[in-house]
Amino acid sequence: MTEQNGKPSVLVVDDESGILDSLNILLRNEGFAPHLAQGGKRGLECIDDVTPDIVLTDIRMPNVSGVDILAAARKNDPDVPVILMTAQATLQSAMQAVNEGAFYYIQKPFRNDELLAILRRAAEHRKLRVENKSLKQAIRRHERQGITRPVGTSKSWLEILRLVETVAPTDSTVLIQGESGTGKEVIARYVHELSARSEGPFLSINCGALPESLLESELFGHVKGSFTGAVRDKTGLFGASTKGTFFLDEIGETTPATQVKLLRALQHREVIPVGSTDAIPIDTRVVAATNRDLDEEIRAGNFRSDLYYRLNVISLHLPPLRQRSDDIPVLAEHFLHRIADIRNEPVKHLTDAALEVLVDYAWPGNVRELENALERGIILTPGETLDVSSLPERVTERRAEPLVSGRTPPNPTLEAVERAYIMWVLQSESGNKSRAAEVLGIDPSTLYRKLSRYGVEV
């Protein structure tokens, strides 16, 4: 996209200088970067010079018509949206414009707000087409390199992947945050595969799965005789991942003592094995992950702020599956094929009803729970299709409890009451979040964070 200072560029072609002047003022005031061409001949010259994001052209001009401009613009860039203007609209000219690929056809005189709405839609259309083309090129490049892009097509997921593809070639430390099962290790491996260290090892450890003494030995190594059972020297994972990537999963589970040693390793790029006093230099890229809110852990005194800042050079927040339900069909299809390959069986397919249930479910266990549910269905279901009956009962049941019912309910949590009240106010204000925030007495940013946590599209 040939934006100038973040503004979509618009080539305006008309044979009347007064219209060009008025459109120039309007577009500049509304966040566009206009380029003016008086007459169709000059418009053709500007198409190559400007390579605009949008073309806005009069259709009736001497010698070179707007349809000629349309054809030249689309030949130069098939994705450029072209908007045609005319004072003499006819059904025939409108049909010709559509057949030639015009984005929109507007009749003079038009209201400014009408034209601006069309231009903004055209700018968004252009942006999406360029992003999709870039995405396809990245996928083809990765396929040539034997790299598989993590599955997902939702906007939030694609933003994560684009950020990963930007930072992966650097050596910066990456912190991945997100609920369990959202794909933190998948993203960590993707960072490694796209990095200059991809030929080196990718090693990982779950920091919450080992007691402190054993974890430190695994991280930093130990020398012979440093503790009972240490019958020989051992290289830790920091050292073993030399020239590669070391993935520290669930780093929020580490103790303060271990955090101090991790901070030293990251600051000085060296480790001291358990039982030794000699520092050993390390050369590894660190990617860390946690399902905890580290800001809250710091406030509670459970996590060191200096280690957090050392880890949080590049921060990735993976959205839970309930916030990217658009990805559920493509993820389900991916898992069905993968499980079939592993089991060496024909691929089974979901019925429309089963897919609808999958999309409606909240998936507290996220992508991992989805994969497990499909694997269970494949194992237990004969035949070629998976129906609603093939899915676990927890997925097919509707678990939403009404706030008021005919029986005595269990005491609701404070969060449940808060959510119910916020959703009631939001509905009362017809979905207007600014007015809802005023009624609730909170900042709009606070309301957005709460809605995001509840899985409501913001």
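Mentor: Rings of Phe, Tyr and Trp (its six-membered ring) pair if their centres lie within 6.5 Å, and planes under 30 degrees apart count as stacked, over 60 as edge-to-face and the rest as tilted. Residues are numbered from 1 along each chain as its sequence is written, and this is a predicted model in which local features need pLDDT of at least 70 and side-chain atom pairs pLDDT 80 or more, while totals for chains, interfaces and linings use all residues. Side-chain values use heavy atoms, without hydrogens and water.

A search of the whole structure for such ring pairs finds 6 of them. One of these joins Phe202 and Phe247, and it is called stacked because the ring centres are 6.2 Å apart and the planes meet at 25°. Phe202 belongs to strand 7 (residues 202-206) and Phe247 to strand 10 (residues 245-249), so this pair ties together parts that are 45 residues apart in sequence; helices (H or I, at least four residues) and strands (E, at least two) are DSSP runs, numbered from the N terminus. Both Phe202 and Phe247 are buried, where buried means under 20% relative accessible area, exposed over 50% and partly exposed in between (1.4 Å probe, protein chains only).

A further stacked pair is made by Phe220 and Phe238, whose rings are 5.8 Å apart from centre to centre, with 0° between the planes. This pair, too, links distant parts of the chain, since Phe220 sits in helix 8 and Phe238 in helix 9 (residues 237-240), at 18 residues apart. Phe220 and Phe238 are both buried, and ring pairs bring Phe246 together with them into a cluster.

Now we turn to the charged side chains. The structure holds 24 salt bridges, each of them a side-chain nitrogen of Lys or Arg within 4 Å of a carboxyl oxygen of Asp or Glu. One example joins the side chains of Asp14 and Lys108, at 2.8 Å from N to O. Asp14 is part of strand 1 (residues 9-14), whereas Lys108 is in the loop between strand 5 (104-107) and helix 5 (112-144), so the contact ties together parts that are 94 residues apart in sequence. Asp14 and Lys108 are both buried.

In another salt bridge, the side chains of Glu179 and Arg322 meet at 2.6 Å, again from N to O. Here both partners are in loops: Glu179 in the one between strand 6 (174-177) and helix 7 (184-194), and Arg322 in the one between strand 14 (314-317) and helix 13 (328-343), so the pair ties together parts that are 143 residues apart in sequence. Glu179 is partly exposed, because its relative accessible area is 29%, and Arg322, with 26% relative accessibility, also counts as partly exposed.
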